[in-house]
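Me: I have a model with ligands in it and would like to learn how to read the sites. Could you take me through them in order?

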Amino acid sequence: MANVTVIGGQWGDEGKGKIVDWLSSRADVVARFQGGHNAGHTLVVGEQVYKLSLLPSGIVRGTLSVIGNGVVLDPWWLKQEVEKLRGQGVSITPENFQIAETCPLILPFHRDLDALREDAIGLGKIGTTRRGIGPAYEDKVGRRAIRVCDLAHLDDLELQLDRLCAHHDALRAGFGEGPVDRERLVADLREVADFVLEFARPVWMTLNEARARGRRILFEGAQGVLLDVDHGTYPYVTSSNTIAGTAAGGTGLGPSAAGFVLGIVKAYTTRVGSGPFPTELDDAIGQRLGERGHEFGTVTGRKRRCGWFDAVLVRQSCAVSGVTGIALTKLDVLDGLDEINICTGYRLNGKTLDHFPAHSSDQAAVEPIYETVEGWSQSTAGARSWAQLPASAIKYIRRIEELIRCPVALVSTSPEREDTILVRDPFAD
Ligand code: GDP
Ligand code: IMO
Ligand code: MG
């Protein structure tokens, strides 16, 4: 009856897709609960590589996959992603895929606004994925959103469009843009409506029924805790709550549904987009991590910034998200380093800190305090058991557990599905 909630423990791209795919062989339902197609989750199965942004990663194995109400949904993107996956041989039907009727839609002018704002700010820009995520969430809490269920009532949209366009036309005028083309918008929605409606369901009901029947639910988070709009490096964050606590509200289940909270954590740190990053490496080691780890964004192709493992940040992520155990990924990328640094604290204005300060200028000013541990020369790539790991790699993992005050449940040693070491089964808890 155990459920598992997977979340990113750093700034995203920790390897959530691989781990969700691996775990989904034992799940009955996989549910996305926040974010949108700003996510980019990579699954490697033999020769096939699947890149998912909006679809839950369980779909590749054919596990019932649902998009919860907490997700913002670009209907045209959805269609394109479903067609791409079908082209790779993945079956996607209303039997194995459902979308909450209450999901707010990402519309073309959300994307425009995202880009207009980023371009206008220049230096202080957030470095968003420019996919309209932030503006769509703003309209949701502003009570102006068009939602999936509205696609069945397109003849009855006038009042909603008045409210939505009054807001956006004023914003657009400020950027020197013309008003929203309402006719075109409705025509474009008409074109995609049937495709989306085929999958639209009361997902909260599906999930509550699954729970009542003792089915295992796997919640798939997107982004990472440090990008959470409340707990992350604000304002350099995404526009949703990425912590495990969102799983319930973003799907329509009670908070006790979350089950085992599995934080996915990379054995070093990466970040894409702007914002503070205390352990960032601008040197040859940072370059090496980027090359060995293929650290290029799945969504935008941008080079990811790389640095040492920051135990202070991960300890904080685990605390605010109630992480039960972590999956430590990309251990193999550290192979061949003589020494490895772990950040254990910060220095700020002559003081020592054991947590990340709240203000962004303090976040940018902290200096990491490092502990240096021994590296390993042997390869860990493809290891599937603890016994295949060199002693210093095991020591590194044990030290991380101590510093973050959270045990390791899984270790990942390559992009491939089966190259995973199971230490403690999250579903067995
Ligand atoms: P996500 O957004 O958290 O799902 O992560 P991404 O898919 O954006 O980025 C993780 C990248 O690392 C992908 O290219 C994965 O195929 C790859 N990856 C996942 N786990 C491992 C691992 O243990 N070792 C290596 N070398 N690559 C991994
Ligand atoms: P996955 O699920 C890494 C980052 C963007 C930017 C900030 C805000 O693959 O881990 P947004 O478009 O959300 O308004 O951008 O958040 N970002 C991610 N970084 N992985 C992601 O998703 C991300 N989704 C958003 O780069 O800094
Ligand atoms: Mg990603």
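Reply: Start with the shell, meaning the residues around a ligand. This is a predicted model. Ligand 2 is surrounded by 20 residues, and the closest are D13, K16, H41, T129 and T238.

Me: Which polar atoms of the protein lie by the oxygen atoms of ligand 2?

Reply: Look for pairs of N or O atoms within 3.5 Å. In the side chain of K16, an N or O atom is 2.7 Å from an oxygen atom of ligand 2. T129 places a polar side-chain atom 2.6 Å from an oxygen atom of this ligand. Q223 takes part through its backbone: an N or O atom there lies 2.8 Å from an oxygen atom of ligand 2.

Me: How much of ligand 2 does the protein bury?

Reply: Compare the ligand taken alone with the ligand in place. Alone, ligand 2 exposes 550 Å², and the protein buries 97% of that. The space that ligand 2 takes is the largest pocket.

Me: How many residues of each class are in the shell around ligand 2?

Reply: Sorted by class, that shell has 10 polar, 7 nonpolar and 3 charged residues.

Me: Now ligand 1. Which residues are the closest there?

Reply: K16, G40, T42, D332 and S412 are the closest of the 18 residues that surround ligand 1. At ligand 1, a backbone N or O atom of K16 lies 2.7 Å from an oxygen atom of the ligand, whereas at ligand 2 the K16 atom in question is in the side chain. The backbone of G40 likewise has an N or O atom 2.8 Å from an oxygen atom of ligand 1. For T413, a polar backbone atom is 3.4 Å from an oxygen atom of ligand 1. The protein buries 93% of the 580 Å² that ligand 1 exposes when taken alone.

Me: Which elements give two or more residues to the shell around ligand 1?

Reply: They are α1 (16-23) and β3 (41-45). The largest share, 3 residues, comes from α1. By class, the shell around ligand 1 has 7 charged, 9 polar and 2 nonpolar residues. The space taken by ligand 1 is the second largest pocket.

Me: Why does ligand 1 lie between domain 1 and domain 3?

Reply: Check which domains supply the shell. Domain 1 (4-102 + 198-260) and domain 3 (266-428) both give residues to the shell around ligand 1, so the ligand lies between them.

Me: What should I look for in the backbone itself?

Reply: Most peptide bonds are trans, and most residues other than glycine have a negative phi. Here a cis peptide bond joins Y234 and P235, with omega at about 5 degrees. P235 is in the loop between β8 (217-220) and α8 (246-249). H294, which is not a glycine, has a positive phi of about 50 degrees. H294 is in the loop between α9 (284-292) and β11 (305-307).

Conventions: Residues are numbered from 1 along each chain as its sequence is written. Chains are lettered from A and ligands numbered from 1 in the order in which they are written. This is a predicted model: local features need pLDDT of at least 70, side-chain atom pairs count only at pLDDT 80 or more; totals for chains, interfaces and linings use all residues. Side-chain values use heavy atoms; hydrogens and water are left out. A residue is near a molecule or strand if one of its heavy atoms lies within 4 Å of it. A polar contact is a pair of N or O atoms within 3.5 Å; within protein, one must be able to donate a hydrogen and the other to accept it, and residues adjacent in sequence count only if both atoms are side-chain atoms. Accessible areas come from the Shrake-Rupley method with a 1.4 Å probe; for residues, only the protein chains shown count as cover. On a 1 Å grid over the protein atoms alone, a cavity is a set of points where a 1.4 Å probe fits but cannot get out, and a pocket is an open set with protein on both sides within 12 Å along at least five of seven lines; lining residues have an atom within 4 Å of a point. A molecule sits in a cavity or pocket if more than half of its atoms lie within 2 Å of its grid points. Helices (H or I, at least four residues) and strands (E, at least two) are DSSP runs, numbered from the N terminus. Ala, Val, Leu, Ile, Met, Phe, Trp, Tyr, Cys and Pro count as nonpolar, Asp, Glu, Lys and Arg as charged, and the others, Gly among them, as polar. Domain bounds come from an automatic or database domain assignment.
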